[in-house]
Amino acid sequence: MATKLKPVDAVVVGVGLSGSILAKELAEAGLHVVGLERGRWRDTDPDFAMPHAHDELRYVKRHELMQDLSRETITFRNNTNETALPMRSLGSFRPGEGVGGAAVHWGGLTWRFLPWDFETRSRTLARYGSDHWPAECTSQDWGVTYDELEPHFDRFEYLYGVSGKAGNIKGKIIPGGNPYEGPRAREYPNPALKTAYAGALFKEAAEKLGYKPFPTPSAANSQPYTNEYGATINGCVYCGYCQFFGCEMGAKASPQTAVLPNLMKQSRFELRTRANVVKVNLDSAKKRAVSVTYIDSRGREFEQPADLVLLTSYVFNNVRLMLLSGIGKPYDPAANSGVVGRNYAYQTPSGVTLFFEDKVFNQFMAAGGLGMTIDEFNGDNFDHAGLGFIGGGFFQAATSGSRPIEVRPVPRGTPRWGAQWKHAVAKYFNRSFPITIQGACQSYRTNYLDLDPAYRDAYGLPLLRMTFDRHENEHKMSVWITNKAAEIGKAIGPSKMTVSPRTEKYTIVPYQSTHNTGGAAMGAEPATSAVNKYLQSWDVPNVFVVGASAFPQNGGYNPTGTVGALTFHALQAIKTRYVKRPGPLA
Amino acid sequence: MDEEGSRRRFLKSVGALGAALPAAAAAQHAGHASAKSEKYMFLAPAEVTFLDAAVARLIPADELGPGAKEAGVTYFIDQQLFGGYGVMAKMYRQGPHAEGTPQQGYQSPLTPQEVYRAAIAEINAGCAKQYGKSYDQLAAAQQDEVLRALEEGKFPLEAVPARFFFNMLLENTIEGFFSDPIYGGNRGKIGWKLVGFPGVAAVYTHLVEKHGVPYDALPVSIADILEGKAALDEHGHPKHVLLVRKD
C-alpha cells in the first residue's frame, strides 16, 4: 500500500539535463518542486575524481555511469515478424543512470538543428514534390520553427558555456563559422577549442575543395566560465577522457557543473534519489494527472500528489511511463493510429578512417567535440534532386579521445588477432584519425516503441519494446555522403583509407550513438503527435514530456543542443502561460 | 546443418596439420610452470593453462615485445570472471531465453563465468578426442587453427555458439592487454607501451596544437598514482616523464 505524501506544485521525473533546468527555474518562480531520480547522487567530487576518472575499462566497457540493465532494459526486434528479445547488455547506445543522467557522460557536442530539420516534411514537399518523399516515411514538421527556438538555443548555449564560432549572426555570414546554420542572435559564449592536427589537415583539404570548415561547437569549455546561474565551469585540459566519463575538471558542462550548484540551494526544491517512478496516476476521466507513484531503495511505495508532472527522463522512460500510465493513445502500426510510441528514430552514423605511415596525431590529447566540421552535406544544404533520399549529416575530423581498448583502428583486411593484427595496431594507433558522420534518421510507420508482452522489469512491469530498422533512404544517404567524406579524406593524402557507410541491417550490438529519439513526438496535430509544440500532452494537459522523446525524427547532428532549446521553450510556456492559467496551451 | 559432421571434418583438418609439424614446436609452446604471484579466484588450473595458451596466440609475443600471456591477461580474465562482469551484475538475466538473431546480441542464459567453464572444457575435450592432447599441448599453428575454427563457427560447441565464446575471449583479451594494470592485466604497461598510449592523462592544453610531434611519455597507471609513484599537479593529473628520443 502506497504512503500518500503531502501535495506539491510540481514533480520532475528524472533529474538530468532537462529536469535539472526545469526544477531550478520553477522553484525559483515560486513553485514547490520535488525531483524524483531513480539513480543515485553523483558529483564531480568524489564520483569523477582522479586518478580513477581515467579508467577506460570501468567507464567505457563496464558502464560505470550507465543504466543498470539487471533492473530494467528494453526489448528489441528489427521488425514485427520477429520476437523481441531483451537487450541483456549495453551495446548500440548507453543511457545514463543517476543524477545528471546521460548528460554526465555525454560527448559535449552542442548543435542547433537546422531550420530545415524543424520543417522536414513541408520543405521537402515544397522543393522536390511528393515523389521524392521516402516510402512509409512519417517524418513531419515539429510544430515549432527554428526562429521560435532561437532564443532558447541561445539561452542553453550560454548556460552550458558552449565553445564555438558563429557562422550566421542575425543573417550576416561570419567567416570561420558554419554558414549553413540558422541565424543566431550573437556569438558563442566561449571561443572555439584549440585545433588538433587531424582537424588542421581536414580544414586545409576541405578549404581546397571549396567547403567552409569550422570548429565543432562543444560544451567542453575552452576557458573558465561563469553562467547565469552563478556556476563556474572550468577550462578544458584536453585529457581525452570525456565521452563516457565524468569530467574531473568540471570543464565539460553538465547538470553537475552548470545547474546543480544553484538548484540544490533552492529552498522550494527537494531531490529524492533512488526514487523510481512507476506510474503517473490520472483522475477517473483520464484528463488530469493527480500524482505519481514511486518505489524507493527499500521497496517502499509512495504516492506523490502534484499539480504539474514533468516527465524528463531518457527517451525510453518518458515513453514507457506514458504507456504504463495511459497518457495518450498508444501507437498501432497496423492501423496507423495512435501516437505514443510513434516516430521512434535513431541516427545513421558512418565514417572514413585515414591511415598514415609518417604522421603521428596524438589523438589521446582530446576533448569531447574537439574537431573541425563541414556542414555542406547536412539537412537540405545540398540539392537532393535525383539522389533518391532526404537528409544528410555533418562531417567531422574528430579528436574525441583515443583509448586503446575501444579505439584502435586497423586498415581493412587486417586479421582480428595474431601477429599481423598486433603489428597493425602498434603501427596505426597513433597514425590514424577518423572523419565521422552523424547521419540523420527519418521516422517510418514500421519503427516504433510499445510495451513488451513477455518481458518484465524488477517491479514486474512490462519492458519497453523497440521495433526498428533503418530504411532505404538512410542507406542511400549514408553511401552518398560517406563517399563525399572519402573525397576529403583522399585529398588529405593518407596511405590507406577505410570507407564505412552504414548499409547493414540495424544491430543492437556494437556501439553507434546514444541518440535515440521520438516516441512522444511533438507536432501541430493531435492525430500525429503525442505532445503539442510546448511539449504538453494533448490528452493530459498537466503533463509535459520533455527531451529527445519529442523529436519527430532525428537530424544529422548530436541531439543535446536541441534538447536544451526545447527545455527552455517548454519552460517559457509553463512559466509565462501555464502556471497563470493551467490548461491546454495549443 | 550437421554439427557433428562439421566437427569431425574440422578435427580431421587440424589433425593433418598437426602431424606435419615437428613435435618440438608443440613442446616449445607448452605452458611453462613459472611461479606466479597471482592468486586465482575463479579459474581452475587447467583453465589457466588453456587461457595462457590461447591468449598467447591471440596477442603473441614477438619482435615488437611481449604478448597477452606475459601481460597477465589470464589473471585479468580470472579477476573479471570472479567480479561483477563474470556474473552479469549489470545485465538483464530474466527469461525466457531464445537464441534470437545476431542483431539481438547476447541472449545466452549462461553468465561469462559459466561460458568460460563450459567452453574450455568442451574445447579441451575436442582436442583430446582427436589426438590425445589438450589445447595447450598443440603446436602453435594447430592452436591458431582451433581459434580460427571457433571464430568461424566450425568448431561447434554445445553450451554456447562457438563464435560467441571466441568473441568473448577476444574481447576480454584485448581488455586485459590494454586496461589499467590495477585489474591485473597490462602488466608492466606492456599494451600501452606497444601502441604509445600514455595511460592516465596529463594536462595537454599546451601540447594539443603541437601538430605531428611524437609524445613519448612513460605511461602512468592508476596503480602508479595510488602507490605514490607519479608526481601530480594540483588537480591530480600526473606529470608525465618524457622519454629521450634517440633518433
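Modeller: In chain A, four strands form an open sheet of mixed pairing in the order β5-β4-β20-β19, where strands are DSSP runs of E of at least two residues and helices runs of H or I of at least four, numbered from the N terminus. This is a predicted model, in which local features need pLDDT of at least 70 and side-chain atom pairs count only at pLDDT 80 or more, while totals for chains, interfaces and linings use all residues. Residues are numbered from 1 along each chain as its sequence is written, chains are lettered from A and ligands numbered from 1 in the order in which they are written, and side-chain values use heavy atoms, with hydrogens and water left out.

Biologist: What makes β5 and β19 of chain A stand at the edges?

Modeller: β5 (85–86) and β19 (448–456) of chain A each have a single partner strand, so one side of each is left without a neighbour in the sheet.

Biologist: How do you know that β4 and β20 of chain A pair?

Modeller: Two strands pair if DSSP finds at least two bridges between them; β4 (residues 74–77) and β20 (residues 462–467) of chain A have four, in the parallel sense, and therefore meet that definition. Within this pair, Ile74(A) stands opposite Leu464(A) in β20(A).

Biologist: Why is helix α1 of chain A called largely enclosed?

Modeller: Buried means under 20% relative accessible area, exposed over 50% and partly exposed in between, with a 1.4 Å probe and protein chains only. Eleven of the twelve residues of α1(A) are buried, so the helix is largely enclosed by the rest of the structure; among them are Leu17(A), Ile21(A) and even Lys24(A) and Glu25(A).

Biologist: What makes α3 and α6 of chain B roughly perpendicular?

Modeller: Their axes, lines fitted to C-alpha atoms over the stretch in contact, with angles running from 0 to 180 degrees between N-to-C directions, come within 10 Å and cross at roughly 85°. Angles under 35 degrees count as roughly parallel, over 145 as roughly antiparallel, 65 to 115 as roughly perpendicular and the rest as oblique, and α3(B) and α6(B) are therefore roughly perpendicular to each other. Contact means heavy atoms within 4.5 Å, and here the residues making it include Ala53(B) and Arg57(B) of α3(B) and Gln143(B) and Leu147(B) of α6(B).

Biologist: Which strands of the open six-stranded sheet of chain A are the edge strands?

Modeller: That sheet has the order β8-β16-β17-β18-β15-β21 (chain A) with antiparallel pairing, and β8 (214–215) and β21 (496–500) are its edge strands, each pairing on one side only.
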